[in-house]
Amino acid sequence: MKSVYDIILRPIITEKSMEGVENKKYVFEVARSANKIEVRKAVEQIFGVKVKSVNTINVPGKEKRMGVHVGKTAARKKAIVCLTEDSKPIEIFEGMV
């Protein structure tokens with residue numbers, strides 16, 4: 001069985017993801033094999049909040065070149081987690097806005 005820390009890998013801190021913090025929407029990179037139910041349980045257990053909805057996005061890897069050498073960045077999965085209105089905010093995003 002997967003640990004909750006194996007499901008939630010890291011928060012994604014970008015300008016676009018920080019716009020949603022005011023509406024209690026947070027973006028995380030999650031394991032590629034994780035589904036919405038596992039992400040919901042992991043966020044609720046780690047941060048002690050109530051999750052309203054979870055949207056997941058598979059992000060394919062991009063091809064990158066360095067001269068004649070061609071490579072590819074890693075594919076990943078993002079989860080956009082929306083909290084309920086009565087839920088407290090997640091602390092790690094507090095100083096970012």
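Modeller: A salt bridge is a side-chain nitrogen of Lys or Arg within 4 Å of a carboxyl oxygen of Asp or Glu. This is a predicted model, and the structure holds three salt bridges.

Colleague: Which residue forms a salt bridge with Lys 2, and how many residues apart are the two?

Modeller: The partner of Lys 2 is Glu 38, with the closest N and O atoms 3.3 Å apart; Glu 38 belongs to helix 3 (residues 36-47), whereas Lys 2 sits in the segment before helix 1 (4-7), so that the pair links distant parts of the chain, 36 residues apart.

Colleague: And Arg 10 and Glu 29: which of these counts as buried, and which as partly exposed?

Modeller: Their side chains meet in a salt bridge at 2.7 Å, N to O, and because Arg 10 lies in strand 1 (residues 8-11) and Glu 29 in strand 2, the pair ties together parts that are 19 residues apart in sequence. Buried means under 20% relative accessible area, so Glu 29, at 14%, counts as buried, while Arg 10, at 40%, is partly exposed.

Colleague: How should I read a pocket, and what lines the largest pocket here?

Modeller: Rolling a probe the size of a water molecule over the atoms shows where empty space is left. In this model the largest pocket holds about 210 Å³ of space, and its lining includes Ile 12, Lys 25, Arg 76 and Lys 78. Helix 2 (15-19), strand 2 (25-30) and strand 6 (76-83) each give two or more residues to that lining, which by class has four nonpolar, three polar and four charged residues.

Terms used. Residues are numbered from 1 along each chain as its sequence is written. This is a predicted model: local features need pLDDT of at least 70, side-chain atom pairs count only at pLDDT 80 or more; totals for chains, interfaces and linings use all residues. Side-chain values use heavy atoms; hydrogens and water are left out. On a 1 Å grid over the protein atoms alone, a cavity is a set of points where a 1.4 Å probe fits but cannot get out, and a pocket is an open set with protein on both sides within 12 Å along at least five of seven lines; lining residues have an atom within 4 Å of a point. Grid points are joined across faces, edges and corners, and a volume is the space filled by probe spheres set on the points. Helices (H or I, at least four residues) and strands (E, at least two) are DSSP runs, numbered from the N terminus. Ala, Val, Leu, Ile, Met, Phe, Trp, Tyr, Cys and Pro count as nonpolar, Asp, Glu, Lys and Arg as charged, and the others, Gly among them, as polar. Buried means under 20% relative accessible area, exposed over 50%, partly exposed in between (1.4 Å probe, protein chains only).
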